[in-house]
Amino acid sequence: MTHSFTWPALAFAALAVAGCAAPDAGKAGPMGMMGGGMGGGMGGGMMKGRMAVASLTPTQGNNVRGLVMFHEMDGHLMVHARISGLKPNGEHGFHVHETGSCASADGTSAGGHFNPDGKPHGPQTAAHHAGDLPALKADANGMADQKFMLMGPTLVAGPASVVGRAVVVHALPDDYTTQPTGNSGARIACGVIAGH
Ligand code: CU
Ligand code: ZN
């Protein structure tokens with residue numbers, strides 16, 4: 001499978017402009033072509049530019065695909081998901097799973113939810129797996145474009161790192177209650193998170 005044409009570049013541009021951009025002159029981009037530390041800067045943010053991306057492809061019999069971009073900033077992880085082929089106006093469970101493999105036709109190769117802290121499955125507002133994410137909410141065209149911020153998961157090497165793990169989209173809403181899965185049904189798209 002090849003990468004999807006211009007998507008990544010566009011998406012990264014959007015990401016830079018939107019959530020993750022530096023306070024002002026972010027033009028040099030997160031890739032770091034800024035020669036010397038210009039201006040006094042305002043602490044932390046700009047020195048880290050860790051990014052990662054998962055390119056989601058459909059599991060067998062599905063047509064869900066998209067990109068999930070991760071950008072680490074000031075101790076939290078910004079996530080931007082742009083996904084198509086979802087159920088129109090539907091809600092879909094969305095998680096980081098522990099194993100970075102989408103090799104199986106049904107996505108089960110990605111294993112269970114990423115859970116380095118031994119927590120129960122749950123919503124962001126209560127104890128939850130590090131890999132539990134806010135649900136995807138599709139528009140009338142089956143597209144979702146969502147950004148959110150996570151506390152805990154990181155792109156920094158170590159037990160909390162999501163790099164090398166997998167993002168999974170499910171067929172059904174996550175009830176955030178059923179253990180340990182949220183009962184969100186089949187895995188309809190999967191993508192391995194690759195560092196940049
Ligand atoms: Cu999942
Ligand atoms: Zn979970």
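This is a predicted model: local features need pLDDT of at least 70, side-chain atom pairs count only at pLDDT 80 or more; totals for chains, interfaces and linings use all residues.
Start at Val169. Setting aside residues within four places in sequence, Val169 is in contact with Leu56, Val64, Ile83, His92, Phe94, Leu136, Ile188 and Ala189.

Val169 belongs to the largest nonpolar core, a set of 38 residues. Which members of that core touch the most other members? They are Leu56, Val68, Phe70, Leu136 and Val169. Several elements give two or more residues to this core: S1, S2, strand S3 (76-84), S5, S7, S8 and strand S9 (187-195). In general, nonpolar side chains tend to be buried together in soluble globular proteins.

Leu136 sits in strand S6, which covers residues 136-137. Is Leu136 buried or exposed? Leu136 is buried, because 26 other C-beta atoms lie within 10 Å, and the cut-off for a buried residue is 20 or more. Beyond four places in sequence, the contacts of Leu136 are Ala81, Ile83, Leu86, Glu91, His92, Phe94, Ala144, Gln146 and Val169. One of these contacts, Glu91, is 45 residues away along the chain.

Now step back to the whole chain. The protein chain has one helix and nine strands. Along the sequence the pattern reads α-β-β-β-β-β-β-β-β-β. Of the 196 residues in the chain, 39% are buried.

Seven of them form an open sheet, in the order S5-S8-S9-S1-S2-S3-S7, with antiparallel pairing. The edges are strand S5 (94-97) and strand S7 (144-150), and each pairs on one side only. On average, neighbouring strands of this sheet are turned by 20 degrees against each other, direction ignored.

S5 runs antiparallel to strand S8 (residues 166-170), and four bridges join the two. His97 has Ala166 of S8 as its bridge partner. His95 stands opposite Val168, also in S8. In a regular strand, side chains alternate between the two faces of the sheet. Which residues of S5 lie on each side? Phe94 and Val96 are on one side, and His95 and His97 are on the other. All four are buried, and both faces of S5 are covered. Phe94 also links back to the opening residue, as one of the contacts of Val169. Phe94 is likewise among the contacts of Leu136.

Next come the loops. Thr59 is in the loop between strand S1 (51-58) and strand S2 (65-73). Thr59 is buried, because 23 other C-beta atoms lie within 10 Å. Not counting residues up to four places away, Thr59 touches Ala105, Asp106, Gly107, Arg187, Ile188, Ala189 and Cys190. Ile188 and Ala189 are also contacts of Val169. Gly191 is 132 residues from Thr59 along the chain, yet their C-alpha atoms are separated by 9.9 Å.

The loop between S8 and S9 holds Pro180. The peptide bond from Gln179 to Pro180 is cis, with omega near -5 degrees. Tyr176 is in the loop between S8 and S9 too. Tyr176 is not a glycine, but has a positive phi of about 55 degrees. Tyr176 counts as buried because it has 20 C-beta neighbours inside 10 Å.

Asn89 is another residue other than glycine with a positive phi, near 60 degrees. Asn89 lies in the loop between S3 and strand S4 (91-92). Why is Asn89 classed as exposed? Asn89 is exposed because 11 other C-beta atoms lie within 10 Å, and the cut-off for an exposed residue is 12 or fewer.

Last, confidence. The mean pLDDT of the protein chain is 83, and 76% of its residues reach 70 or more. Over residues 1-47 the pLDDT is below 50. Beyond near neighbours in sequence, that stretch has 40 contacts in the model.

How values were computed: Residues are numbered from 1 along each chain as its sequence is written. Chains are lettered from A and ligands numbered from 1 in the order in which they are written. Two residues are in contact if their C-beta atoms, placed from the backbone, lie within 7 Å. Two strands pair if DSSP finds at least two bridges between them. Axes are lines fitted to C-alpha atoms, for helices over the stretch in contact, and angles run from 0 to 180 degrees between N-to-C directions. A nonpolar core is a set of buried Ala, Val, Leu, Ile, Met, Phe, Trp, Tyr and Cys residues joined through C-beta atoms within 7 Å. pLDDT is the predictor's confidence in each residue, from 0 to 100.
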